[in-house]
Amino acid sequence: MEIAKTMDYGDSHRRFLKCLMAANNVVAQNKTIEMYCQCRNGDDDKMPEDATLDVGIPKFIEQINQQIEPLNLSIKLVTCEATGEKFYVLYTAQENELTKLVAARQWGRNERMVLKTIVRSIVSSSHGKVTVATCARDCAELPDKIKRADVVKALETLLRENWLIEVDGHVYIGTRSMVELKKFLMDEFKEQAGICKLCIELALRGESCPSNCGVKVHQTCKKVYFSKSKKQVCMGCSKPWPDSDK
C-alpha cells in the first residue's frame, strides 16, 4: 500500500467537518478512519501510515479544532454511558448570544420541553435510563400539555440528532447532550453529576470509589484502567476497589 505524507489543513479536513455536521455532529470513533479516507482527494486517496485511532485521527481532529476554535466550536471524543462506545462530537465550546439564537431557531418549544423533562427523568432514575412509555407519561404531566403525537415526534427528533439514545427499549442521555448540556447537567444535578477521574469528562452513570474519597469514573474507563493495572485500587485514595460486576 502506498503511503501518503502527513498533510496540512485543507479540503480533506473541510470535507470531514462537513460530513460530521451532516451526521448531526456525532460520529463513532471506529468509523472515523473510513470517513477520513472518503474525504481524501483523488490522487491523495492513500492510507497514511499514521491513520490510526490512537495517533493519526486525533492529530487530524486537532488540526480541524485549531481552525474552528475562533468560531467557538470544537470536536471532542466522548464515551457513551449507555454502550461504552466512543464518539467524536462537534459542539459549541462557548455559549454566546449567537449560539443561543441558533439553538432557539433550531428547536421548537416541544423539543426543548421534552428534552428537559426526559433528562430529569433519566438522571433521577436508579439505573440512568427510562422506557419510552415513561418518557411519554412524564411529558404528559407537564403544566403546558403537549399532545402525545407531538411528544413522539419530538422524541424521534432528539434520538435522531443524538441528544438521546435508545438501547433495547430504554432511553439514555446521548453523547451530544453530555457535551453540549454539560453545564446544565452539572448545575441541575449536583449530587448525581461528576467528572470521571480517568477521561476527565462528565459522568452521570459513573461508579464512585467505595471508600467515598470523592473519585467517580465511567464503568468502561474503570474496566480499561484496571485491566492495565497490577492492583485494583482507587486511582485517588489507593484503597481497594472491588469489582462491582461480580
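I began with the sheet, which is open and has 3 strands in the order β4-β6-β5 with antiparallel pairing (two strands pair if DSSP finds at least two bridges between them; strands are DSSP runs of E of at least two residues, and helices runs of H or I of at least four, numbered from the N terminus). β4 (130-131) and β5 (164-167) each have a single partner strand and stand at the edges, so one side of each lacks a neighbour in the sheet. I then followed β5 against β6 (residues 170-173), where the antiparallel pairing runs over 4 bridges, and I noted V171 in β6 as the bridge partner of E166.

The model is predicted, with local features needing pLDDT of at least 70 and side-chain atom pairs counting only at pLDDT 80 or more, while totals for chains, interfaces and linings use all residues. Residues are numbered from 1 along each chain as its sequence is written, and side-chain values use heavy atoms, without hydrogens and water.

Next I looked up helix α5 (residues 109-124) and helix α7 (residues 148-160), whose axes come within 9 Å and cross at roughly 80° (axes are lines fitted to C-alpha atoms, for helices over the stretch in contact, with angles from 0 to 180 degrees between N-to-C directions). That makes α5 roughly perpendicular to α7 (65 to 115 degrees).

Last, I searched the whole structure for aromatic pairs and found 5 (ring centres of Phe, Tyr or Trp, the last by its six-membered ring, within 6.5 Å; planes under 30 degrees apart are stacked, over 60 edge-to-face, the rest tilted). F184 and F189 pair edge-to-face, at 6.3 Å centre to centre and 90° between the planes. I also noted one aromatic cluster formed by F16, Y36 and F60.

Methods:
Angles under 35 degrees count as roughly parallel, over 145 as roughly antiparallel, 65 to 115 as roughly perpendicular and the rest as oblique.
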